[in-house]
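Look at the model below.

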Amino acid sequence: MLRFTVRRLIQMVLVLFAVSVITFLIFNVIPNSDPAVRMAGRQASESTIKAIREEWGFNESLPQQYVTTMKKVFTGDLESQFTQLNVGEEIRKGLPRTLSLAIGAALLWMFVAICLGLYSAVKAGKFADRFLTIVALVGISMPVFWIGALMNHYLGFKLGWFPNGGYVELTEDPVDWAYHLILPWTALAILFIGFYSRVLRSNVLDTINEDYVRTARAKGLGERQIMIRHVLRNSMIPIVTLWGLDFGAVVGGGAILTETVFDLQGVGQYAAEAIGQLDVPPVLATTMFLAFFVVTLNAVVDILYAYLDPRIRLQ
Amino acid sequence: MNDAQPLLTVDDLKVSFATEEGVVQAVDGVTFELGAGEVLAVVGESGSGKSVTAMTLMGLTRSPNARFEGNAHYKDTELIGASEDELRRVRGAEIAMIFQDPMTSLNPVHRVGDQIIEQIQEHEGVPDQQARERTVELLERVGIPRARERVDNYPFEFSGGMRQRVMIALALSCNPSILIADEPTTALDVTIQAQILHRIRELREETGAAVILVTHDLGVVADIADRIAVMYAGRIVEQGTLDQIFYDPQHPYTWGLIGSITRVDRPRPERLPAIAGLPPSLANRPEGCHFRPRCPHEFSECPKVPPLEARVDGQAGHLDRCWLPVDEKRAKREVRPGEIGLETKKEAAA
């Protein structure tokens, strides 16, 4: 297990390096124009462009440019060309919001999907199963910006049951924090609940017919123990992989819509706004940051996966 | 057979499954008894209902599509109609089962030791450490080297033969009175087969557990069984002691089975003899004797179902389902195994 973990972490570092190089190339080298001009934004004065060129070392060799850029990204020495606000600072401010949204939603969708998927599989072919199938399809078909807007309008604005967007710090008031996040969590989770419960249902139905489940039954175990220890555990393996990937994808971009609809002011919303203003430094930084997040998370998931399925460890 | 009350009495057991092709009568009136410490071999080809019979005894064939009739008494429990809770007390603790394919019968994500400990603790609430010690002993007993280390391994770290040993250890862990082995050596290569069978025989002598050995291999049976039940298309067609079946087989199907054994002590036949034809579809069986369409000796009585009864004088335990008079059977079958039934079949065809 330890060897697997170490090996996986080394791999992760290599991938991170590749990601940083690619990001650098995309932003500074591939566009066929002076990067300093692009970075300075529209209607920048000649002196600003010159200052930027000096600062980022755009007249030096490419490897040197790479080092300078990375240094700036990682030391947080980046400023928006529009707001003059420090980019690192902004990401740091947005991060707890994005993570609150993503972690909460991920836990919610995993938990609900396990319950529904398992229930659906146990009742396979019966009314409850068919009903849940339809519900899942409806859930999968509703886009976040639509269901989010509906929830905001009816549950938040008309009925006033929930706050109409906004965010409260967890450290400030945990109850209010959760209260403000219930709608965003639900809106984001619905799609995944539909999808995950379907995948889990079919995994469970496959697993139930495995010989080792028959063995478990022949041992005299209770139905509950058979389902949890022998069926669910094995059915969860593909789901956990999916979960890690989707969680990474949500933090790394999927949350943009939800954040915007509910005005959570997270990293995703920050990135979206920066893109709208062609503000290069924040876009560069958020891209790097989110890519790193996804890569790191994948490594964590693989390690978790190896824990769940011992066969992986020795490969 | 032992003189005492039989441990298990199966009476006219019928199992059918509703499928898309109609009702499949997998088991059609199976009756037998099993005495304490006895080894009963249930022999038949694929689809003869032997595995379904074995699994039904443990309630493992229960499903919304399955219908059961008849009785199976184990000690004081009626197994066929038992509630899930009653069955759970029997499964693993009283009747334990070894399955055909050791590669898939163990859960890949749990350590082998934990899978045995789980059963011990389910039936006897012993502390963890004690259950673990017992598991190590069991693994040693079934012949797993370095059992103390291996107990923490995962199934994929074991070979097929070793996994079947683990399954045997698992089956024996709660000292069951009946061990059902459903083709325990089919998935293993021949040298391992012999080892596993020897181990089962030794363990049966040590523990006194009765064994139901389900197999399609008469060669396996000769080594280990006290009595044999031959199944064909859901019915027991012949039942008797090892000697009765091997030296005085009554049913033409049994002749064919014995005839298809390859033997090293006889001149090699040009081709390995086989029984002509195929077993009937269980959804659409012939009336009367099920073996009728493949049998070269069919005559006017055959469309009636022959009862399973003793037909040989002075051999109360030797039962069969064939209408032919005993003398005629003895005349028609060839005595030498390897040719029984086949020559006559050829003649009949010609």
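## Where the domains meet

Eight residues of domain 1 of chain B are in contact with seven residues of domain 2 of chain B. Two residues are in contact if their C-beta atoms, placed from the backbone, lie within 7 Å. Helix α9 (residues 218-224) of chain B gives the most to the domain 1 side, with three residues. By class, that side of domain 1 of chain B has four nonpolar, three polar and one charged residues. Ala, Val, Leu, Ile, Met, Phe, Trp, Tyr, Cys and Pro count as nonpolar, Asp, Glu, Lys and Arg as charged, and the others, Gly among them, as polar.

Domain 1 of chain B covers 36-53 + 88-225, and domain 2 covers 236-349. These bounds come from an automatic or database domain assignment. The domain centres, taken over C-alpha atoms, are 32 Å apart.

## About the model

This is a predicted model: local features need pLDDT of at least 70, side-chain atom pairs count only at pLDDT 80 or more, and totals for chains, interfaces and linings use all residues. Residues are numbered from 1 along each chain as its sequence is written, while chains are lettered from A and ligands numbered from 1 in the order in which they are written.

## Chain B as a whole

Chain B has 13 helices and twelve strands. Helices (H or I, at least four residues) and strands (E, at least two) are DSSP runs, numbered from the N terminus. The radius of gyration of chain B is 21 Å, close to the 20 Å that the globule rule gives for 350 residues, so chain B is as compact as a globular protein of that length. The radius is taken over C-alpha atoms; the rule is 2.2 Å times the number of residues to the power 0.38.

Buried residues make up 48% of the 350 residues in chain B. A residue is buried if 20 or more other C-beta atoms lie within 10 Å of its own, exposed if 12 or fewer, and partly exposed in between; C-beta atoms are placed from the backbone.

Helix α4 of chain B spans residues 112-123. Ten of its twelve residues are buried, so α4(B) is largely enclosed by the rest of the structure. Among the buried ones are V112(B), I116(B) and H123(B). Their cover includes α5 (128-141) and α7 (160-172) of chain B.

Chain B also meets chain A: 22 residues of chain B are in contact with 18 residues of chain A. α4(B) gives the most to the chain B side, with four residues.

Conventions
Expected span 1.5 Å × (residues − 1).
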